[in-house]
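Come along as I look things up, entry by entry.

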Amino acid sequence: MPSKPLLNHAMRIGILAMVASLSSGGSLLARDDDEDDQGRPPQVLKQGFESTDQLLGDIERAERGPKHSAWIVESSRFVNVPHRSFQPDVGDPAFVDLPVNLGIIKAPNGDLTLYDSGWKQLAYIFDWNTSCCWHGIRDQMRAIGLNPDHVVRIIIGHGHWDHSGQLSEFPDAVLYVQKEELKQIDFFLDYPVRFNGGHIRAVNTVDPITGNQVGPPAQACARSPVCGYPPQTVQEILGKVLAGKAQIVDGRHEVAPGMIIHPAFRGHTYGSQLLQVNTARGQLVFGSDTYSSWTGIRDWFVANIQQTDTIQQFLAYEKCYVLTSKQNSFNNCISAHEPISYTAGYPITSNWWNIPGGNCSRAAELTLANGERTHVPPSPDRTPPASCHSVVPPHAIHP
Amino acid sequence: MIFKGVKRTPIVLSLMAGLLRPKALILGAVLASLAGLVAFAINREAGIGSSPTSAQRTAEPRRPALTAAEEQYIRELWPIHGAVERSTLRMSLGQIFYTTQDLSRAELGTRVKEALVSYQAAETRLHALEPPTSLRSEHLEYLSAVGLFKESAAEVLKMFTDGRDDHMLVAYPKGQEASNKIREVGGKFWPHEFPPN
């Protein structure tokens, strides 16, 4: 056993080393590219910082633009997800169904913008009972009276496969994605080689047969840096880039009058982005998985922690509170996976209906403008999910 | 405590006196706890998979138990799949960053050459596998996907000899088709590879 004086020396050396490392942190710092000229020290990562004044200014700016109509549709639905894996602070009920909502925004000239584009990986989704109710967006749009050929742009809240699928279904639409989102995938592809002797696999972190986690430290695919980006999804983004139909965005970006992208870096993934939309009920803020749970925003709980910095997720919640501060507050934050979507419990989605022929997927009318008539059928089918029968759509390989 | 209105016989009273002994009380408490735990577990298990909010779905196939040969094949394909995915992502992102002028032409060239080598290695390893008859069609599908990836990489490489960037456009459909194929096969073999995000 080491002697007491020896231990004292070791402790002193340790404290000295710690102080030295804290005071010489320059090697960790990188150039801060954020457009923040307020004299803050440089940050390691892009922060997507926007001050309250800047956000309040964007309310005024968007209000000078036109008002938009907006809907959400359910691309598909994850079923029986352990609640605490989605919201660690909320466990009742123990299992929940999570819709995968995407936004459809209509401008006065009829142009349509999609916020997220759902998914398309049918074999994965259906063969082992992990979800239900998938239906192609184009058909869903037609079924609710919107012309998919009028989609001029697709803004993806982040690049995960369940939110950026079906891009190739809209060859003429311009894709908006944050550069940070693409950079993080690229960077972390080398993660195991560079930093952990190959033990953590950025792609493939589960046992091929059992699905159990593999490799120290125990880390499932969902918690690894680039899980969620299969080659198929990134190929579709590449297709947009090569076709000249992509805008690689770097932070805040005004897409069109009354429509502004706000960065939410690491609110869910490294390049997550929000979309502020001017409407008759104030500013709507679509948040994709940064706003996975609307009750999470309302009650200040984190949700759907993936490549997330929980502080950044809360700051992104705060951006919604500021942007909606003139009207309706957090009620105007639009969530991707809120379990109580399409119910009165999430008021803005309460005017919902089952999409005709839509395989039990649902739509909700959020707000109307410019004389747009309601798209809700006169006698909407509101058969509750438990009584609705969905089917497995055809796909290439069956078990 | 005596419950009013209940007439007890001497036998009942004797039994109750026995049951009220400390040891019997402890034993009873333990048994009641165990019964409660069992009831809770049964109730909880019964609840899994039958969420009242779930949409009813038509009967779908559950993953059948794998034979030893199938399991071995899927295990051997797994690392090949990882290498193919990684190479494809690096090449796709390389082309994106080259187009956005965030990556030099030389760096893109390096990535594409590495991808081509990786696809060739994957093809060799695939040929060495012996898939069971039941998985032969998926094996051939995967092999054809890797072939398409190879062709796609070879097409992109031409831009470094003739200087024409439009080879990326020509190469793209093959890469996309191959990506769709490995996603479909992957969805069957590794349903947990990409969990809900």
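**Entry 1: a strand residue**

I started with Leu275(A), which lies in strand E10 (residues 273-279) of chain A. Helices (H or I, at least four residues) and strands (E, at least two) are DSSP runs, numbered from the N terminus. I noted that this is a predicted model, in which local features need pLDDT of at least 70 and side-chain atom pairs count only at pLDDT 80 or more, while totals for chains, interfaces and linings use all residues. Residues are numbered from 1 along each chain as its sequence is written, and chains are lettered from A and ligands numbered from 1 in the order in which they are written.

Is Leu275(A) buried or exposed? I found Leu275(A) buried, with 24 other C-beta atoms within 10 Å. The cut-offs are 20 or more such atoms for buried, 12 or fewer for exposed, and partly exposed in between, with C-beta atoms placed from the backbone.

Leaving out residues up to four places away in sequence, I listed what Leu275(A) touches: Tyr115(A), Ile155(A), Met259(A), Ile261(A) and Phe286(A). Contact here means that the C-beta atoms, placed from the backbone, lie within 7 Å. I also checked Arg252(A), 23 residues along the chain from Leu275(A); their C-alpha atoms are separated by 9.7 Å.

**Entry 2: nonpolar cores**

Next I looked for nonpolar cores, sets of buried Ala, Val, Leu, Ile, Met, Phe, Trp, Tyr and Cys residues joined through C-beta atoms within 7 Å. The largest has 110 residues, and Trp71(A), Ile104(A), Ile154(A), Leu175(A), Val177(A) and Ala363(A) have the most contacts inside it. H3(B) gives the most to this core, with 11 residues.

**Entry 3: chain B**

I then turned to chain B, which has seven helices and one strand. Its elements run α-α-β-α-α-α-α-α from the N terminus on. Of its 197 residues, 35% count as buried.

**Entry 4: two helices of chain B**

I paired helix H3 (residues 68-99) of chain B with helix H4 (residues 105-128) of chain B: their axes come within 9 Å and cross at roughly 160°. Axes are lines fitted to C-alpha atoms, for helices over the stretch in contact, and angles run from 0 to 180 degrees between N-to-C directions. H3(B) and H4(B) are therefore roughly antiparallel to each other. For that wording, angles over 145 degrees count as roughly antiparallel, under 35 as roughly parallel, 65 to 115 as roughly perpendicular and the rest as oblique.

Among the residues making the contact are Ile80(B) and Tyr98(B) of H3(B) and Leu108(B) and Leu126(B) of H4(B).

**Entry 5: a helix from chain A**

Last, I checked burial: eight of the 11 residues of H6(A) are buried, so H6(A) is largely enclosed by the rest of the structure. The buried ones include Glu180(A), Gln184(A) and Phe188(A).

How values were computed
Two residues are in contact if their C-beta atoms, placed from the backbone, lie within 7 Å.
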